[in-house]
Amino acid sequence: MEENEDQSDLSLRPGNLDGDSFRLHVVTWNVATVDPPEDVTSLLHLNSPKSPDLYVIGLQEVHSRPLRFVSDFVFDDPWSHLFMSVLAPRKFVKVSSIRMQGLLLLFFSKLQHVPFIRDIKATYTRTGIYGYWGNKGGVSIRLSFYGHMLCFLNCHLAAHMREASERVDEFEHIMDTQTFECKKAPRIVDHRLIFWFGDLNFRIQDHGMHFVRSCINNQTYNLLWSKDQLMMMKKKDQMLQEFEEGPLDFQPTYKFDLNSDTYDSRLYRTWLGFNKKKRKPAWTDRILWRLRPKTSTSHEDDKEKPVDKKLIRQLDEDEEYPLKITQDLYTSNMEYRISDHKPVIGLFTLKLRKMYETPLVRLQAEGEWSADIDAIVVYSPLHPFPSSTWDWIGLYKVGFTCVSDYITYTWVKDDEVAFNEEIIQVFVSKEDIPVRGGECVLCYYSSTLRCIIGVSEPFKVHESKVAIEEGLLPERINGLDKTVASKD
């Protein structure tokens, strides 16, 4: 790894100025409609001494029958709930998510990075049943991370050995049709860095079952690579050639008997009896990435061709704010047996120069906070941004799960009590402050930018002395809104 990190320094701007390194943990898993396991420690590497800065989790075949899907639409689905409950105490916030039937994509960030994640958009493309059904297709989340445009695409492509070309067609259709309301990167290919992952369903062709299983047992996976359909298609397709993938030095992740590590051993029913062939193991679950290719601005072959100003700005930006990606790990996790697929994990290091170092807004809690007195929030805009009367400041418990997981909030303009060019004070009623108190943070949410653009340092909200003296207890365990008199 040290050798890779030394190489990444060479890609930085003239003068070899150092960038900042960020760790990214990507998971893809076809969960076969089952509920999540109780423990995801090894899936998320929670015991690793090096904690990621970002988690990106892509699932396929999340349970999506009508009644369950409606329930998940109103409430968090079990998978999202599990990941949020596990990661929130470690100060990760769910920044964005998108669901299309069985496809689910989740993006988590450490709280310290949240004010620097902007331009967040999510969309989807159906490719099942002639594009009208969402059992197959792709969901994506795109965003700006310290100014660098990133896109994460989770796909579930057409099944079966014979459909390799159909899978490529579906992928290219998704790439061509997904668009975002963003001048800088309106299409997926315009992003500086793309991650493409999911149950891509590419199989190992030509080799027989005995040879494939023999290679797996002997861990001679490289003997199977030449007949992996994705590698074969990359030789013919220009778009696929722009994507990189680490070596497949782990056993194929499909298809397993449920609750075991045994490859498919079932006999499938046919019209004439139980004699259909077993599924051949395959690397259906993959993680790839694409760093935007560098394009020359020289036009020696066509000197009269006008210079593309957008391209020149892009090249200047790439040089001034370089981005380097290194894959640190690419593997499957054999511990989980609830699905006929094994999850695949990719760990990456992103080394980049930040385009900005300070948040758009700085805010803090003024004075002592408790439910006994009204409180004041002080904030200062540090850079111009499109403020709105719909902007609000939320009070959150340390370890909150997502932007909607606030204790209370106050409208910035409605509750403004003092203002000058540098400092603005906002009033918070004592009625909205939790009686029990606790460690909290304040977050400024921009309704125009649709993201958090400022986070305060943690501060303590004290228990209400009045409530203690009068024998009042919180109605709910976290003491968010109301109190009731103790029966004692």
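Rings of Phe, Tyr and Trp (its six-membered ring) are taken to pair if their centres lie within 6.5 Å; planes under 30 degrees apart count as stacked, over 60 as edge-to-face and the rest as tilted. The model is predicted, so to speak of its terms of use: local features need pLDDT of at least 70, side-chain atom pairs count only at pLDDT 80 or more, and totals for chains, interfaces and linings use all residues. Residues are numbered from 1 along each chain as its sequence is written, and side-chain values use heavy atoms, with hydrogens and water left out.

One aromatic cluster is formed by Trp390, Trp392, Tyr396, Phe400, Tyr406, Tyr409, Trp411 and Tyr445.

Across the whole structure, the search finds 30 aromatic pairs. Among them, Phe171 and Phe243 are edge-to-face, because their ring centres are 5.6 Å apart and their planes stand at 75 degrees.

Phe256 and Tyr263 form a stacked pair, with 4.3 Å from centre to centre and 25 degrees between the planes. Both of these residues, Phe256 and Tyr263, are buried.

Which residue lies over the face of Phe256? That is Lys342, at 4.8 Å from the ring centre. Likewise, the charged end of Arg118 sits over the ring of Tyr356, 4.1 Å from its centre. The criterion is NZ of Lys or CZ of Arg within 6 Å of the ring centre and within 35 degrees of the ring normal.

Finally, the cysteines. Cys215 is buried at 2% relative accessible area, and Cys402 also counts as buried, at 10%.

Technical notes: Buried means under 20% relative accessible area, exposed over 50%, partly exposed in between (1.4 Å probe, protein chains only).
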